[in-house]
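Have the structure open beside you as you read.

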Amino acid sequence: MAVEAISVPVIDLSNFPAERDKLVWASTELGCFRVVNHGIPPAMLAEMKAVVRALFEIPAEVKQRNADIIAGSGYMAPSLQNPLYEAFGLYDAASSADVRAFCNLLEASSYHKEIFSLYFTKLHVLIVDIASKVAESLGLVGYSFDDWPCQARINRYNFTEETIGSSGVQIHTDSGFLTILQEDGSVGGLEMMDSSGNFQAVDAVPGTFIVNLGDVAKIWSNGRLHNVKHRVQCKVAHPRISIALFMLAPKDGKVEPQAKFIDSEHPCLYQTIIYNEYRKLRLSSSERATGALHLLAVNQTATKA
Ligand SMILES: O=C(O)CCC(=O)C(=O)O
Ligand SMILES: [Fe+2]
C-alpha cells in the first residue's frame, strides 16, 4: 500500500491561546502534531545529535551497562523483532542526578555530559509546557506535570541499501502521556496511523519537534486524547538517529481518568492502574503492538448496574 506524506498540524508554542483549538483537534483526532517556536536553539539540536551519534560508537560491553531501571528502560540491542534498531534509555531524564549517572556508566566525556544535561534540562521544561497546554486546551487549568518522571530514549536505525522497504521499528503506541521526538533531519521514515487506519509518512523538518500522545494520555483524559499508532520504516540507505523524551505518568505511578472528564455523558472508561504494572503488561504479552488499553476497559454494564 502506498504511504502518502501527511502534513502534521503545526502548533506555534509562542501563539497561545490562539492555537488552542488546533491543539485540541490535533491531540484528540490525530494524536500528533509538530511544534515550532519551542525555544530550543538549532545549534543545541545539532550538538545533541552529534553527541548521540558518538555514543553509539562505544564498545558493546559498555553499552550493556545501561541496564533497566523500570521494565524496558535500558539499552536495547538489535533483536529478532527489530533487527535494525538499537537504543539507549535514560530513566529519569528529568533528574539531573540520573542524567549524570547515565553518562558516567557509559564513560561519556565531560563535554558530552554537559550537552546531555543542557539538552534534557531544556527539553524537560518544554515537555511540561506542552503537556500543560494540552491539559488547558481540554479545560483542565492549573494541573501540574512538574514532577512526572520522563524517560529519554536515543535511537539508532542501521539502515542500508539492503534494508530499504523493511521495518525499522514495529507498529506501536507509546505507553506514557506524551512524547517529544527530535527526528533525523536528513533521514525520514516515521509513519503515523491516521483515523482511517492508513499509515502516513511524517516528513522530518529540521528545527522542529514531533509530539505524539500515548496510552497514559488516553486513560488520563477518559478517552479524549488519541494514542496514535506509529512505526519507523527504512526509506533510504543511511543510518538514522532520533531522540525521544517520554513524559510517562504521575510520580506516584497512579494512572486514572481525571474527574474533570467524567460525567453522565462520559462514564469512566478505564480502571486505575499503576504505570509500571501497565508497562509490564505491555511487555509481557503481545500487546506492545496494539496497546494494552482494552485490558483496562471498565465493563459499562457492570458499572451501570
Ligand atoms: O525514531 C522515531 O522516529 C520514533 C521512535 C519511537 O516511536 C519511539 O522511540 O517510541
Ligand atoms: Fe514511539
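1. Let's start with cysteines. A disulfide here is a pair of cysteine sulfur atoms within 2.5 Å. By that rule the count is zero disulfides. Take Cys150: it is in no disulfide, and the nearest cysteine sulfur, which belongs to Cys103, is 17 Å away. Cys150 is also buried, at 0% relative accessible area, while Cys268 is partly exposed at 25%. For these labels, buried means under 20% relative accessible area, exposed over 50%, and partly exposed in between (1.4 Å probe, protein chains only).

2. A word on ground rules. This is a predicted model, with local features needing pLDDT of at least 70 and side-chain atom pairs counting only at pLDDT 80 or more, while totals for chains, interfaces and linings use all residues. Residues are numbered from 1 along each chain as its sequence is written, chains are lettered from A and ligands numbered from 1 in the order in which they are written, and side-chain values use heavy atoms, with hydrogens and water left out.

3. Now the metal. Which residues hold the iron ion (ligand 2) as protein donors? They are His172 (NE2), Asp174 (OD) and His230 (NE2), lying 2.1 to 2.2 Å from the ion. Donors are N, O and S atoms within 2.8 Å of the metal (3.2 Å for Na, K and Ca), and water is not among the atoms, so sites may look incomplete. The spacing of the donor residues in sequence is H-x1-D-x55-H. Asp174 sits in the loop between strand E6 (167-172) and E7, and His230 in strand E11 (residues 230-233), so this pair links parts of the chain 56 residues apart. Asp174 counts as buried at 7% relative accessibility, and His230 is buried too, at 4%. Helices (H or I, at least four residues) and strands (E, at least two) are DSSP runs, numbered from the N terminus.

4. On to charges. There are twelve salt bridges in the structure, a salt bridge being a side-chain nitrogen of Lys or Arg within 4 Å of a carboxyl oxygen of Asp or Glu. One of them joins Arg53 and Asp184, at 3.8 Å from N to O. Arg53 lies in helix H2 (residues 42-55) and Asp184 in the loop between strands E7 (178-182) and E8 (190-193), so the pair ties together parts 131 residues apart in sequence. Arg53 is partly exposed at 34% relative accessibility, whereas Asp184 is buried at 2%.

5. Glu86 belongs to strand E4 (residues 85-91) and Lys63 to helix H3 (residues 60-63), 23 residues apart. Both Glu86 and Lys63 are buried. They are also part of a salt-bridge network with Glu57 and Arg156.

6. Finally, a hairpin. Strands E8 and E9 pair in the antiparallel sense over three bridges; two strands pair if DSSP finds at least two bridges between them. Met193 has Phe199 in E9 as its bridge partner. Five residues lie between the strands of this hairpin, and Gly197 takes a positive phi near 85°. Is E9 (residues 199-202) covered on one face or both? Both: Phe199 and Ala201 on one side, and Gln200 and Val202 on the other, are all buried.
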